Amino acid sequence: MTTRKTTHKSLPGLVLTYSLLATLPLLGGCNNNTNSSEAMSHLTRAETYKDQGQYRSAVLEVKNAIQKDPDQVENTVRLANLYLQVGAAKQATELLEPWLSEQPDAVALLLARAYVEQRKHLSATETLALHTPASPEEQLEASLIRAEILRTSGELAEALALYNNLVTSNSSSTEAITGLLQTQISMGKPEQVIETADQWLAANEQAAEVLYWKGVAQYRQNQLEASSDTLTDAVGVLPTSDIFLPIRRSVLSALSRVLTEQGKITEAQIYNRVLAENTDTNAREQAEAAIAALKDGNFDEAKSILRDTLKTDPENEQAAMLLGAISAGTGQLEEGTQLLTENLDPETTSTQFIRAATMAQIDAGEREAALETLERAVKARPNDNELLAMHGILALSLPEHQASGVASLSKAISNEPDRVRFRLALARHYIRTDKPEQALGQLRMAFTSNPADWETTSAYLSVLFQQDEKQEAVEIRDSLLNGYGDQPRAVLLASLTDVRLGNQNEATKRLETLVEETPQWQAPKVALASLYAQSGEREKAIDLLVDAATLAPGSIRPLQQAGRIYVQDHSVDEAKLWLDDLAERHPELKTDTDTLRAVIAINQGDLAEARPLLSQGANSESPTAIRAYGQLLLAETQAAINNKQWAEARAKAAEAIALEPESLRLALLPVEIAQMEGKPEAALSALDAVEETYGEVAVTMLTRAKLLNHQKGAVPAYEYLSARWDATKNPELMPTLTRLAAKEDPEAQDHLTQNWLDAAPQSPAAHMARAGWLMSNNQEVAAVPLYEQILTQQPRNIAALNNLAWALRKDNPERALQLARQANQIAPDNSAVLDTYGWILHLHGNHAEAKAMIEKALALSPENSDIEAHLETVKKRL
């Protein structure tokens, strides 16, 4: 079997010539009954034609043989072999793949060769594993494929060693020496290529492939005259054929380039004409026109050109993927997704097209399919950091795949430790999963690597404050000021850090300077306005926020903040007049002021006033106006539900969903409408549709549990949610699951609360649930550290303060009294807090004060027998 180099299709027009396939006459009129004698005569003629270089006729004869004897896999293998010899590896693959499951021994080796020539080394490896060599020739071929797999997958040192062994043991093998030379070229060793080629050529007949790689190496050494001579020799030994073979294209292209650089333009043009005659120039021109249209921003023209290209060349995968990427990016999601996914090969498609395809799949709600594409691509290219990052980030968004997401991002970070955004993505995952220490570990390394990645440094500071690591935050602030004091973003971050540290004066001074030096930057003005508002300088804060709003109309947050400050000293009606006045003084803010007025009206329940203010909301370019219009539609939907106007509710909900199709909250409106309308089956069907688009996520699972509870009772809801917890381990299910368990399966509360805590070890809710179960089962000592942990995160958590005080009333009465007093100061009208505080006062001997506290508690909860009993006990001690 002969090893050939494959010329791959590319959009600019250096497309693999399909003249072999296009010019073959249609076969027809043949007898479908097996006729081995006739088939053999066709095969004999095919072999003769092949030896004469007449590949078209050879292919025709083999096809005729297949018609005569369709059940003989050997004939299909012969045809696939012919395709490989003329560089049509894809066609060989399409022929062989249907036979693989039934006849692996017959087709696996050749199919692996077809895969590797398409650079699909993962498929080649998998297919090669299905073949057991039955002869030394097959063993050699398998070794050659294995070596080429190593080379194309980037394992160059291993490929070099294997090719060296193959050349040593098969000194006349053109395939082995060609693979060795290609590997040496890939390793940047042109001198070694020349030496290796010379040694082989001295001992063997000249071969075009060996001369070609020697000429390429000479060219890279700038030995133009020697390269020209070598490539000319290669031309002389090229095999004659009726098909423009890949090796001919490679040799002539290289020779033309060398001659051009030598200044031998006339000679070069001879070869250029030959190449042009065998190149689809029309496809190249169409591709160039499409790219020119893209550069000019004319997407419709580019799509039109690419569609025309596909009409004449439906196999042009690059054109199809480019059209798919443009279509998906211009709103034609269905067409774009179909084109991208149908033409994408995860093993060989370029990363940018894989990115476009997976983004289209995600937008279409096919997240699992997108992840499968990326998993295959990463398996084929395990060191491609962009693919690893895409796979990691997507996998982290799917609870059942988060472990593989962490692994992919960790590997990408290992490959490129300075890519701080990879660390930021991983840190955000750890934050979402209540693992702040792991998040801080990534963010610390990111800051060490590149403090000037401001988004990452900002996230680092936020986590430090969340974890109360103030001293470390001070060190980061000082590093920013000392190392980047001349950079505004660093100064802003340092100032915001001072704000959170309570250094208001230093922050104010620094921000005032920053505002003066960067008058067109919105962020420092907003930060400074917040400080003014905190210090009671509300007018200055409002003026500064309005000024900030004028810098970026449509970015409504500064104006919202100004409105919140304004209503501290003014009525709602005065605020409306103030907004009208702002619109007159700053016409560029008219859309924003109308939006805020509408939001006020919606919050007041005056939907009739809000609607005209948002009449252009659906067509607005302002994201805030669109969101406000969605808020109006949501309010109108709820109003229609309340009035049992089901048709109007559905219409409003549909409009809201169309406006914000990515909103899961809006997508669930039809479920709520059907449930309220008393149509449980319709509600479940609507929920099924939501899960088809968004996947089975926590909110949809909780919604289904709610529907089951309403329709069939708490037991089916509990059983369903329990099964989903076992499958997903999603902590968001636990609050509802534990509440259901308290009624339907009390014994399960022990392991459920422990499982919740294990899954979310930083969650105060998980700690509260576990501690509550322990307290109710007389395990107060075990509950103490859980309540302590809650208070480190939420020092004003009333339930934790109260329950911890009760748990410590005997073993640590002084701390118990302190905690109970603190809880009472925060919630002086909470009956449970008053009862605990009163009882602990009683234990300390303060019976009169205890009596007053418990009496107040009983007045607030007169039916509580425990409080009544406590009061009777205290009265007896007076």
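The structure holds four aromatic pairs, counted when ring centres of Phe, Tyr or Trp (its six-membered ring) lie within 6.5 Å. This is a predicted model, in which local features need pLDDT of at least 70, side-chain atom pairs count only at pLDDT 80 or more, and totals for chains, interfaces and linings use all residues. Residues are numbered from 1 along each chain as its sequence is written, and side-chain values use heavy atoms, leaving out hydrogens and water.

**View A. Phe447 and Tyr460 form a tilted pair.** The centres are 5.6 Å apart, with 55 degrees between the planes (under 30 degrees counts as stacked, over 60 as edge-to-face, the rest as tilted). Phe447 lies in helix H25 (residues 436-449) and Tyr460 in helix H26 (residues 454-466), so the pair ties together parts 13 residues apart in sequence. Helices here are DSSP runs of H or I, at least four residues, numbered from the N terminus. Both Phe447 and Tyr460 are buried (under 20% relative accessible area, 1.4 Å probe, protein chains only).

**View B. Tyr566 and Trp578 form a stacked pair.** Here we find 4.6 Å centre to centre and 10 degrees between the planes. Tyr566 and Trp578 are both buried.

**View C. The charged end of Lys540 sits over the ring of Tyr532.** The distance to the ring centre is 4.2 Å (the criterion is NZ of Lys or CZ of Arg within 6 Å of the centre and within 35 degrees of the ring normal).

**View D. Asn730 lies in the loop between helix H42 (714-728) and helix H43 (734-744).** Asn730 is buried, at 8% relative accessible area.

Note on methods. Helix = DSSP H or I, 4+ residues; strand = E, 2+ residues; numbered from the N terminus. Buried < 20%, exposed > 50% of the residue type's maximum accessible area, 1.4 Å probe, protein only.
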